[in-house]
Amino acid sequence: MLINEPYTLSSPAFSMQSIIPFFQSIIDLDDFGVARYECLARLIDQSATTYKPENFMRFIEREAYNSKLTDHMLMQCVHSFEYQNMPWNINITAAECQDLHLLHHLRSALDYVPSFGHIGLELSLTDALSVLDDLPQFIAQCRELKVGVFVDNINNISSQTQQIFALDFAGFKLSEQVIASASIDADMFTYLHAIINRAHTKNQMVVAEYVEQDTTLPLLRQLGIRYAQGYLLGKPKQTLAALSGH
């Protein structure tokens, strides 16, 4: 059972093993095959209730478990994909862009990854903007490991966000708000289309997020967006086998 209520368990009773990855497909709209997966943290308590991150991250942050959570998710995903020739992403925080611990942990994990370039790190737009000065070095360090950095939930095209587009990210994920605005604002459509074309010339992946309606797909094609993610295309699942049909 998935619920949207805050997680309130106390620290002594908490186990990191209660947090597992769920896998959501990022779909190639050219053939509707899976291009890569996003690995989403889910907490499952003793009553088999499943919590989304927004319902337990306050607890994780309060107990200073952020780094432990990323390490835990990284190793679970490495083992899940050890025999799968498929790229995948996990989410990280702004603090981890400024801490060498994550890079050291990535280096040790790569021995178990079938192919370089398979691991992606997703950083929210809010977090990316908060560490903007540190991002060029972090991206370069990740690229040395052949690990890509993605910006997640781009929900505006402000002047600050435009600084993000100038950096050497592996890709961008556009929110439903930005996509919807392009459908009703010709200037926004033109501007977004130009950004997407520029990303393509730099071999950056552009993903439309939260795609839930069939009517969105023609707009994505008009904008030149090849990749999409959302409940229309595949809900998060606990096992990779359950997603094999996508």
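Trainee: Before we start, what should I know about the numbering and the model?
Mentor: Residues are numbered from 1 along each chain as its sequence is written, and side-chain values use heavy atoms, with hydrogens and water left out. The model is predicted, and local features need pLDDT of at least 70, side-chain atom pairs count only at pLDDT 80 or more, and totals for chains, interfaces and linings use all residues.

Trainee: Which residues touch the most other members in the largest nonpolar core?
Mentor: They are W88, L121 and L135, in a core of 63 residues. A nonpolar core is a set of buried Ala, Val, Leu, Ile, Met, Phe, Trp, Tyr and Cys residues joined through side-chain atoms within 4.5 Å, where buried means under 20% relative accessible area with a 1.4 Å probe and protein chains only.

Trainee: And what does W88 touch?
Mentor: Leaving out residues up to four places away in sequence, W88 touches R36, Y37, C39, L74, C77, V78, F81, H118, I119 and G120, with contact meaning heavy atoms within 4.5 Å.

Trainee: Switching to strands, why is β6 called largely enclosed?
Mentor: Strand β6, residues 119-124, is largely enclosed by the rest of the structure because five of its six residues are buried. Strands here are DSSP runs of E with at least two residues, and helices are runs of H or I with at least four, numbered from the N terminus.

Trainee: Which strands pair with β6?
Mentor: Strand β5 (residues 88-91) pairs with β6 in the parallel sense over four bridges, and I90 stands opposite L121. Five bridges join β6 to the parallel strand β7, residues 148-154, where V151 stands opposite L123. Pairing requires that DSSP finds at least two bridges between two strands.

Trainee: Which way do the residues of β9 point?
Mentor: In β9, residues 205-208, M205 and V207 point one way while V206 and A208 point the other way, and all are buried. In a regular strand the side chains alternate between the two faces of the sheet.

Trainee: What about β9's own partners?
Mentor: Strand β8 (residues 171-174) pairs with β9 in the parallel sense over four bridges, with L174 opposite A208. Strand β10, residues 227-228, also pairs with β9 in the parallel sense, over two bridges, and A208 stands opposite A228 there.

How values were computed. Buried < 20%, exposed > 50% of the residue type's maximum accessible area, 1.4 Å probe, protein only.
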